[in-house]
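Biologist: Could you walk me through how to read a few features here? I would like the general idea before each case.

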Amino acid sequence: MGQALCCVQVDQSTVAIKETFGKFDDVLDPGCHCLPWVLGQQIAGHLSLRVQQLDVRCETKTKDNVFVTVVASIQYRALADKASDAFYKLSNTRAQIQSYVFDVIRASVPKLELDSVFEQKNEIAKAVEEELEKAMSAYGFEIVQTLIVDIEPDEHVKRAMNEINAAARMRVAANEKAEAEKILQIKRAEGDAESKYLAGLGIARQRQAIVDGLRDSVLAFSVNVPGTTSKDVMDMVLVTQYFDTMKEIGASSKSNSVFIPHGPGAVRDIASQIRDGLLQGNTSQN
C-alpha cells in the first residue's frame, strides 16, 4: 500500500538514502516521506545511526618473542551529516575496521615485552582509536570507544608465568618460615639462659641462708651454754643433721636400701669428713 501511494517510513535512529534514477538525491530522516516512483525516486537503502560494536582478535608477537592474542573491542557509528559517504564509500565497514586494527596492533605490540603489553594496554587502545579515527572519518564513521578487553598469551607461556609466580611466593614463604624458626630458637636460648641464671641465684641464696643459719646457731649456742666452743657446736649440728637425714630416708616409701656404718665412731668420722671438707673449701677460696 505504501509503495502504491509512494509513501515510505524511516524508523528512529535510522536514515534512508534516496536516489533519483539511480543517482544519490537526499538523506531521509526518520518519519514518513513521499517518493513518487513514477519520477524515478526510490530508496537505495537504510543506514543505522546506532552505536555498533566489533570485537577483533589479533594474534601477534611481543618483543621477547611471545605470541599473544589481543582482543580489541571497537565501538563506532555512522554520522548523520555524512550518511552518503558512509553508505556509498564502504562496501564492508567491519572488514575495513578490522584491517586497521590489525595494522596498528601488529605495529605496536612487537615493540613491547610481554609484561609491558599488559601494563600499556591503554596506550595500545589509544593508538588504535587515533588511527581508526583518522581513517574512518573520511568514510563518514565516528569511533566512539576503543578498548583492549583481553590479552591472551600462549597456554605454555601462561603456565610458565604461573609457575614463576608460585615459586617466588614459595621462596618468600620459606624465608618467612626460616626467620620465624630463628626467632623461636633465639627466644628459647634466651629463656634457657635466664632459667639457668635464676637457678644459680637460687642455689647461691640457699647456700648463703644455710651458712647464715649455721652461724647464728653457733653464736646463740655459745652464748647460752658457757664453756662450749664453736667446734663442739658444729659437731652437734652435724650429728643432728645426720640423724635427720636418716629419719627422712627411713620415712620415704620410694627409697631403696642404704647400708652405712652406724655407731658413735661412724658419726665422728662423718663429722670429721664434713669439717675437713669445709676447711678445705675455705682454704681453696682464700
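**Reading the features**

Modeller: Gladly! At 33% relative accessibility, Gln145 counts as partly exposed, because buried means under 20% relative accessible area, exposed over 50%, and partly exposed in between (1.4 Å probe, protein chains only). This is a predicted model, where local features need pLDDT of at least 70, side-chain atom pairs count only at pLDDT 80 or more, and totals for chains, interfaces and linings use all residues. Residues are numbered from 1 along each chain as its sequence is written, and side-chain values use heavy atoms, leaving out hydrogens and water.

Biologist: What is Gln145 in contact with, leaving aside its neighbours within four places in sequence?

Modeller: Contact means heavy atoms within 4.5 Å. By that rule Gln145, in strand 8 (residues 141-153), touches Ser73, Ile74 and Gln75.

Biologist: And how do I read a sheet?

Modeller: Strands of a sheet pair through backbone hydrogen bonds, either parallel or antiparallel. Strands are DSSP runs (E, at least two residues), numbered from the N terminus, and two of them pair if DSSP finds at least two bridges between them. Here, an open sheet of three strands has the order 3-2-5, with antiparallel pairing. Its edge strands, strand 3 (23-28) and strand 5 (41-48), each pair on one side only. Seven bridges join strand 2 (residues 14-20) to strand 5; Glu19, for example, has Gln42 as its bridge partner in strand 5.

How values were computed. Helix = DSSP H or I, 4+ residues; strand = E, 2+ residues; numbered from the N terminus.
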